[in-house]
Amino acid sequence: FFSSAIAKMLARSVGSMARQAAVRASARMAVAGRRSFADEAPKSQGIPTKLTLNLLAPHQAIFTKKEVDQVIIPGADGMFGVLPGHVPTISELKPGVVEVTHAVGEVERFFVSSGFVFAHADSTLDICGIEVVKMEDLDPSLVSSGKAEAEAALGRATEEVEKAKAQIAVEVYTAMTEALNAK
């Protein structure tokens with residue numbers, strides 16, 4: 001593909017870059033050799049007793065720095081619970097119910113259409129949903145008609161983008177229906 005002149009120029013350029021990388025690596029190793037260890041590890045604060053929750057949607061912040069006991073999340077790989085001290089995690093949300101336990105016996109449920117969740121090492125949990133709705137605000141008759149419309153749109157779709165949008169709508173309405181039936 002390359003002429004011999006271009007091939008020689010590329011070879012010289014790659015050789016020069018390799019030499020420069022080796023020099024930089026040597027300099028880093030020299031600096032690393034002068035490093036020392038900390039005298040004492042920082043004191044552990046222990047595991048917090050509460051989880052700090054931020055439940056966010058594009059149009060509003062449902063919770064900001066709300067202290068809760070536990071959150072159950074519909075992750076892409078299945079449902080999972082987050083307690084204070086949870087290992088740092090990033091997960092995609094699938095359509096389903098986020099269950100927030102404020103205290104023993106005090107639970108709030110929200111439907112999320114999709115989004116992401118970030119569990120941080122400091123026991124902060126960020127849930128960023130595309131749509132977040134309190135379960136009691138879902139109207140079963142509207143969900144049922146929306147699901148029927150989405151299924152009809154999927155049946156009519158001829159373009160790949162149309163099919164994908166309709167399939168997503170069917171999945172979200174199906175998850176809403178399941179959530180309402182699980183009450």
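**Figure 1. Ile47 in the loop between α1 and β1 of the predicted model.** Ile47 lies in the loop that connects α1 (4-33) with β1 (51-57); the coordinates are those of a predicted model. With a relative accessible area of 63%, Ile47 is classed as exposed, because the cut-off for exposed residues is over 50%. When residues up to four places away in sequence are not counted, Ile47 touches Pro84 and Gly85. The C-alpha atoms of Ile47 and Leu83 are separated by 9.9 Å, and these two residues are 36 residues apart along the chain.

**Figure 2. The chain as a whole.** The secondary structure comprises 3 helices and 10 strands. Read from the N terminus, the order of the elements is α-β-β-β-β-β-β-β-β-β-β-α-α. The chain has 183 residues, of which 27% count as buried. Of the contacts between residues at least 6 apart in sequence, 52% join residues at least 24 apart.

Figure 3. Strand β6 spans residues 96-103 and is mostly covered, with 6 of its 8 residues buried. Strand β3 (residues 70-75) pairs with β6 in the antiparallel sense, over 3 bridges. Within this pairing, Ile72 has Glu99 of β6 as its bridge partner. Strand β6 is also joined to strand β7 (residues 106-112), again in an antiparallel arrangement, by 7 bridges. Here Val97 has Phe111 of β7 as its bridge partner.

**Figure 4. The hairpin of β6 and β7.** The hairpin formed by β6 and β7 has 2 residues between the strands. Gly105 in this hairpin adopts a positive phi near 85°.

**Figure 5. Packing of helices α2 and α3.** Helix α2 (residues 140-156) packs with helix α3 (residues 160-181) at an angle of about 150°, and the two axes are 8 Å apart. The angle therefore makes α2 roughly antiparallel to α3, the cut-off for this class being over 145 degrees. The crossing of the two helices, α2 and α3, is left-handed. On the α2 side, the contact is made by Pro140, Leu142, Val143, Gly146, Lys147, Ala150, Glu151, Ala153 and Leu154. Helix α3 contributes Lys163, Ala166, Gln167, Ala169, Val170, Tyr173, Thr174, Met176, Thr177 and Leu180. By residue class, the contact of α2 with α3 consists of 12 nonpolar, 4 polar and 3 charged residues.

Key
Residues are numbered from 1 along each chain as its sequence is written. This is a predicted model: local features need pLDDT of at least 70, side-chain atom pairs count only at pLDDT 80 or more; totals for chains, interfaces and linings use all residues. Side-chain values use heavy atoms; hydrogens and water are left out. Axes are lines fitted to C-alpha atoms, for helices over the stretch in contact, and angles run from 0 to 180 degrees between N-to-C directions. Helices (H or I, at least four residues) and strands (E, at least two) are DSSP runs, numbered from the N terminus. Angles under 35 degrees count as roughly parallel, over 145 as roughly antiparallel, 65 to 115 as roughly perpendicular and the rest as oblique. A crossing is left-handed if the near helix is turned anticlockwise from the far one by less than a right angle, and right-handed if clockwise. Contact means heavy atoms within 4.5 Å. Ala, Val, Leu, Ile, Met, Phe, Trp, Tyr, Cys and Pro count as nonpolar, Asp, Glu, Lys and Arg as charged, and the others, Gly among them, as polar. Buried means under 20% relative accessible area, exposed over 50%, partly exposed in between (1.4 Å probe, protein chains only). Two strands pair if DSSP finds at least two bridges between them.
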